[in-house]
Amino acid sequence: MSNTVGTEACLDTKALDEILGSIPDVGGDDLVPILQQVQKAYGYLPKPILMTVSERTGIAAARIFGVATFYEQFHLEPHGRHTVRCCRGTACHVRGGPGIIEAIKQALGVEPGETTEDMRFTFETVACLGTCFLAPVIMVNNDYFGNLNARKIKSILERYT
Amino acid sequence: MTELGIKRFSSLVELEGMREKLLNSRSASAKSIHVCTGPGCVAKGSFKLYEIFCAAVEGAGSDVQVQAKCVGCHGFCERGPIVVIEPGGIFYQRVEEPDVAEIFRETVLGGRVVERLLYEDPNTGKKVEKANEIPFYKVQERIALSGNGLLDPTEISDYIAEGGYTALAKVLSPMTPEEVISEVELSGLRGRGGGGFPTGRKWRSCRQAEGSPKYVICNGDEGDPGAFMDRCIMEGNPHSVIEGMLIGAYAIGSEHGYIYVRNEYPLSVERLKNAVAQAKELGLVGETILGSSFSFDIRINRGGGAFVCGESTALMASLEGRPGEPRAKYVHTVESGFRGKPTNLNNVETWANIPHIINRGGKWFAGIGTEKSKGTKVFSLVGNVVNTGLVEVPMGITMRRIIDEIGGGIRDGKRFKAVQTGGPSGGCIPAEHLDARVDFEELTKLGSMMGSGGMIVMDEETCMVRVAKYFTDFLQKESCGKCTPCREGLAQMLYILDRITDGEGQVGDIERLEELGGLLEGTALCALGKTAANPVISTIRYFRDEYDAHILDGRCPAKECRGLFRYEIDPEACNGCGICLKNCPADAITGEKKVPHVINQEKCTLCGTCWEKCPFTAVLKV
Ligand SMILES: Cc1cc2nc3c(=O)[nH]c(=O)nc-3n(C[C@H](O)[C@H](O)[C@H](O)COP(=O)(O)O)c2cc1C
Ligand code: FES
């Protein structure tokens, strides 16, 4: 079946073998952790790999795709080199968060959920980064930037090439 | 651990023996440097501070008895990074890398205080040396957070030395499961995850439910925006949660536990995994715990990143590897939950209270708080308040004391407008109710709720219609879509709110919102939908005039909604520097140098650039 999916079919399944091999008695309960590990290994959830997961575990493809599209953390497309996550939480909202989202949109020219054409940045919004005392706050990869205003955005993004 | 000779405990006596040994070895190394590694301080670079302190300790040579350790969140995140030097509890705030050498030389080696890094009490202007003398801490009473700031969350020996796992030992030696449940019932503890359901009663139903195996779950999903207390407990004192779960499992008769942690909290996952592994190694988790017949295993699962997964049935669906859609609760989860088996789910903070209740007795716990809400509650105090951070207060304290005494009032000298509690489906409480006592019943009466403990303070420049729209937008995005009232109703409400904030509101819109809200409350499937209209209903209840101003006069009183206010230049304040003129993208500003400028209202696109750029705050919103 995997050769029907086109060019992506040549993706290496070695990482997947390791992931599935590390879980004893793989079953439906393990689906979320499997997808988390697949995404970590491949950077996203490649369709052919998901089909292979289905073949190997017996979990229906429909269920796998149902889960993969339900949760915000999973993405079926490759991500940019850096991920910008802007908080849209309440504490950030009342301290000027909407202006920050606007500024990032303008700087990158993409909407939340999208990746820039040069694959440099993926822009996401999250419900709360759990660092509300820094509001408004964004995260670029693993770095926090807090107490922001729209003017600071450009220079922050410039640090990531 | 191994150098202290700890191995698997096979009895209570061995655990006690180890505690004594640890305490004895402690007194020898007299000084210790506590570097806060809560999320606030970490974001401000505290791991780096810790490394530099460690290097300093190493460089000091073996004759200096001092140790540097990472500890969990102190709560005073506004003032991070925080470093405390023991003994003496010298509390340093806003510590930066260059300060480390001075602290080490002066305080650690020399026993002198570095004045410059102390907190200054804004009321008296005096420098304060110890945490408990700072107003932010004075009003607090710490139970669930008591280990934070004290313990190294990565070292089980630290937890044991401070009395950790004594409650488990107490439960396993003379108490029956029945007695444990009675103690928790006596304490009056109610769930800290939002609903406030009595914990003892939940345990009893689960114990009595037919079926096996039984499951015990810790809800660490913490989806409410503006809330981070569960995170700080999981990262600052993970063993307290594990010990609570062990006690619950013993009482309920369960051998399998899960902790479901929010995807955005990788450090929580790491700390919990590490803690479970250490507890397992010592025989505190796993088979025949402390040599008894009780066995309990814990698995850590990372959430998928969906708000609704914090709801109990959705969480269980997610644990089963399915989309996190809630189900109707005709059958309670204590009877049929995870994998269709009896399941007891409690929130992180609920679990963290349990060891204290067992150690100090249900009666002691019930002595704190109000008639129906016992103990303390942790809140994350955020928004437009001076001291943001984590606070733990006895139930029944007034909102005013939390905001004014602990929070230090509103930022930038502005006026208070409302405080939002209860997460996205909570409500906004206005100034006239600031003296209300914080407990489950009182907050519900005011049209809000306890929720999981987010407390977001809003100042006079916050538009309440926009706040309502913000929450509706949030919930509409997070609605799982399974039931129609929630999926369609929220979309309609958002549509109406959008038009109001765009200045196109129609007479009757308020009534339409109220009607939709009533519909949701009555017909939605899960609590997300049932309470989703709360933010709209509570803002209409207290701030109807703001809605009216938008709809009837096309005016936004807080001057936040674009198009519903104008920018003007105050000729008194403007000195004609020309900065606004240069920056205006619409060429709407005219004026000669050194003469007050004017905005052409016809041309102005209300972008706000002039307002942001003016160095003399001469641009006004009117
Ligand atoms: C939409 C929704 C989201 C929820 N999110 C959380 C959450 O993030 N954390 C939590 O502990 N409880 C959350 N709850 C409450 C749980 O359903 C459940 O009542 C609680 O975890 C039970 O634990 P407790 O009795 O110790 O409070 C949520 C409920 C709803 C309806
Ligand atoms: S609301 Fe933005 S980090 Fe919590």
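Start by selecting Cys86(A): its bridge partner in strand 3 of chain A is Ile138(A). The model is predicted; local features are given only at pLDDT of at least 70 and side-chain atom pairs only at pLDDT 80 or more, while totals for chains, interfaces and linings use all residues. Residues are numbered from 1 along each chain as its sequence is written, chains are lettered from A and ligands numbered from 1 in the order in which they are written.

**Strands of chain A**

Strand 1 pairs with strand 3 in the antiparallel sense over three bridges; two strands pair if DSSP finds at least two bridges between them.

**Domains of chain A**

Colour chain A by domain: domain 1 covers 2-70 and domain 2 covers 82-158, with bounds from an automatic or database domain assignment. Their centres, taken over C-alpha atoms, are separated by 30 Å.

**Where chain A touches chain B**

Select the contact between the chains: 31 residues come from chain A and 37 residues from chain B. Residues are in contact if their C-beta atoms, placed from the backbone, lie within 7 Å. On the chain A side, helix 2 (31-42), helix 4 (61-70) and helix 5 (90-93) each give two or more residues. Helix 2 of chain A has the largest share, four residues. By class, this side of chain A has 17 nonpolar, ten polar and four charged residues. Nonpolar here means Ala, Val, Leu, Ile, Met, Phe, Trp, Tyr, Cys and Pro; Asp, Glu, Lys and Arg count as charged, and the others, Gly among them, as polar.

**Domains of chain B**

Move to chain B and colour domain 1 (2-138), domain 2 (163-366), domain 3 (376-459), domain 4 (464-553) and domain 5 (567-621). The centres of domain 2 and domain 5 of chain B, over C-alpha atoms, lie 58 Å apart.

**Ligand 1**

Which residues come nearest to ligand 1? Of the 22 residues around it, they are Gly191(B), Gly193(B), Gly310(B), Asn347(B) and Ala527(B); a residue is near if its C-beta atom, placed from the backbone, lies within 6 Å of the molecule. Domain 2 and domain 4 of chain B each supply at least three residues of this shell. Strand 10 (343-347) and helix 21 (527-530) of chain B each supply at least two, and the largest share, three residues, is that of strand 10. The shell has six nonpolar, twelve polar and four charged residues.

**A loop residue**

Select Pro198(B), in the loop between helix 8 (177-187) and helix 9 (199-208) of chain B. Its C-alpha atom is 7.5 Å from that of Glu185(B), 13 residues apart along the chain.

**The five-stranded sheet**

Finish with the open sheet of chain B, whose five strands are ordered 12-11-15-13-14 with mixed pairing. Strand 12 (389-394) and strand 14 (427-430) stand at the edges with a single partner strand each, so one side of each has no neighbour in the sheet. Inside the sheet, strand 13 (residues 416-421) and strand 15 (residues 454-459) of chain B pair in the antiparallel sense over five bridges. Here Phe416(B) has Asp459(B) as its bridge partner.

Conventions:
Two residues are in contact if their C-beta atoms, placed from the backbone, lie within 7 Å.
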